[in-house]
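Here is a short briefing to read with the structure open beside you.

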Amino acid sequence: MLVTRLSFENFRNLEDSSIQPVPGVNIVYGSNAQGKTNLLEAFWFFTGGRSFRGAKDAETVAFGAQKAVLKLEFTAAGREQEAELSIARRRSAVLNGVPQKAASHLAGQFCAVVFSPAHLSLIKDGPEGRRRFLDAAYCQIRPGYIRVLTEFQRTLTQRNALLKDLRAGMGDGRLLDIWDERLAASGAQVYAARTAYIRRLAKPAEEIYAGLAGGRESFSLRYESSAGEEGISPEQARERLYEKLHGSHDADLAAGFTTVGPHRDDLTVEISGLSARTYASQGQQRSAVLALKLAEASVLREVTGEQPVALLDDVMSELDVSRQDYILNHIHDWQVFLTCCDPSAVMRLSAGRAFHVERGRIREETIA
Ligand SMILES: Nc1ncnc2c1ncn2[C@@H]1O[C@H](COP(=O)(O)OP(=O)(O)OP(=O)(O)O)[C@@H](O)[C@H]1O
Ligand SMILES: [Mg+2]
């Protein structure tokens, strides 16, 4: 995956123009509130995904304009391609001259991973975000997994509804066993998917983390599951989940919802043997999220043969010089876009291109 040109019209505060990035590292630098994140957001929209900063489509159209237009020229699947997005109240897309039914159909045609400071919640906050990360990442490499998740979620909702009825003195208690079996069956598939994904993710994540930390810290991932330890077969996971669900009737009835299962599982991230959520420093948290995100991209490359573009928003702050140097000069074979405020980062980049953003105007600079 290689972006060769991006042009934009009426997009946020960016002055209508186009940029031509290079294959390696592209630094987007400038003071606060000049349009750096806006530029990354423009790239991201071509993945078909929603804004990584939670914006509604209409909010990205320049104030006073009716419609924003973004055009992307990129190489993927061995050929040159062109995508165009029009954003008004909603987004519409054209790929290689063919109008798409929905902008989300660009998913899989143009791939990117994004790091934004909001993603630090992946380490700092509760397990829900980590489960969502695992599920979304696995869906990208096995689209059929979405059906498994939907089935699991539906069964869980039904079991919870029955628990509420039973608590209110209604419903048939014998039905609970049927929901135990169904939830154990789909839950075991969720378990199998997440553990399979973590096994693939672990190695690239460890390598990237080691690069960032100069080999001075270790990094490991572990799935904490109600089905038991890692490495059991899906059939064993189904049996264990069934036993757990069956054994938790009293607790579930008291709570009014299902207290065990994959919807309570967690991905534990450890740095040098300590829980990152509890003990990691700011720089370690950033490094850990970055390792997870870049490893996600690396798994995607293994599966699709295509290297996603890395969009790194404000990743450098709180990182020491050696970690910054790793990001600037040691991530090879990737096209990286990274934003920062500190112009000295540009001096430390050994090859690549720099874009200075000032009040929405982008000026290109070549690095010696
Ligand atoms: N639809 C829009 N039309 C015009 N301007 C907008 C629109 N949406 C956002 N902006 C402006 O874009 C400006 C720059 O935003 P952006 O988030 O890209 O800054 P930044 O360079 O990443 O800054 P920081 O370093 O603080 O993260 C904001 O100050 C905002 O007022
Ligand atoms: Mg920003």
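A residue counts as buried when its relative accessible area is under 20%, and as exposed when that value is over 50%, with partly exposed in between. By that cut-off E41 is buried, and R12 is buried too. Please keep in mind that this is a predicted model.

- Among the buried residues of α1 are K36, N38, E41 and W44.
- E41 and R12 join their side chains in a salt bridge, with 2.6 Å from N to O.
- Since E41 sits in helix α1 and R12 in the loop between β1 (2-9) and β2 (17-19), the pair ties together parts that are 29 residues apart in sequence.
- R53 also belongs here: R12, E41 and R53 are linked in a network of salt bridges.

**Other salt bridges**
- The whole structure holds 23 salt bridges.
- One of them pairs D252 with R159, whose closest N and O atoms are 2.7 Å apart.
- That pair links distant parts of the chain, with D252 in helix α7 (residues 249-255) and R159 in helix α4, 93 residues apart.
- Both D252 and R159 are buried.
- E270 and R222 also meet in a salt bridge, at 3.1 Å from N to O.
- E270 belongs to strand β10 (residues 266-271) and R222 to strand β9 (residues 219-224), so their pairing ties together parts 48 residues apart in sequence.
- E270 is buried at 18% relative accessible area, whereas R222 is partly exposed at 35%.

**D165 in helix α4**
- D165 is found in helix α4, which spans residues 145-167, and is partly exposed with a relative accessible area of 33%.
- Apart from its neighbours within four places in sequence, D165 is in contact with M170 and G171.
- The C-alpha atoms of D165 and L253 are 9.6 Å apart, although 88 residues separate the two along the chain.

- The domain assignment gives domain 1 (2-111 + 308-366) and domain 2 (122-278).
- Their C-alpha centres lie 34 Å apart, and the contact takes 4 residues from domain 1 and 7 residues from domain 2.
- Together the domains bury about 480 Å² between them, with 53% of it on carbon and sulfur atoms.
- S322, R323 and Y326 supply 89% of the area that domain 1 buries against domain 2.
- There is 1 salt bridge between the domains; E217 and R323 form a salt bridge with their closest N and O atoms 3.1 Å apart.

Definitions and conventions. Residues are numbered from 1 along each chain as its sequence is written. Chains are lettered from A and ligands numbered from 1 in the order in which they are written. This is a predicted model: local features need pLDDT of at least 70, side-chain atom pairs count only at pLDDT 80 or more; totals for chains, interfaces and linings use all residues. Side-chain values use heavy atoms; hydrogens and water are left out. Domain bounds come from an automatic or database domain assignment. Contact means heavy atoms within 4.5 Å. Buried area is the accessible area (1.4 Å probe) that two parts lose on being put together, summed over both. A salt bridge is a side-chain nitrogen of Lys or Arg within 4 Å of a carboxyl oxygen of Asp or Glu. Buried means under 20% relative accessible area, exposed over 50%, partly exposed in between (1.4 Å probe, protein chains only). Helices (H or I, at least four residues) and strands (E, at least two) are DSSP runs, numbered from the N terminus.
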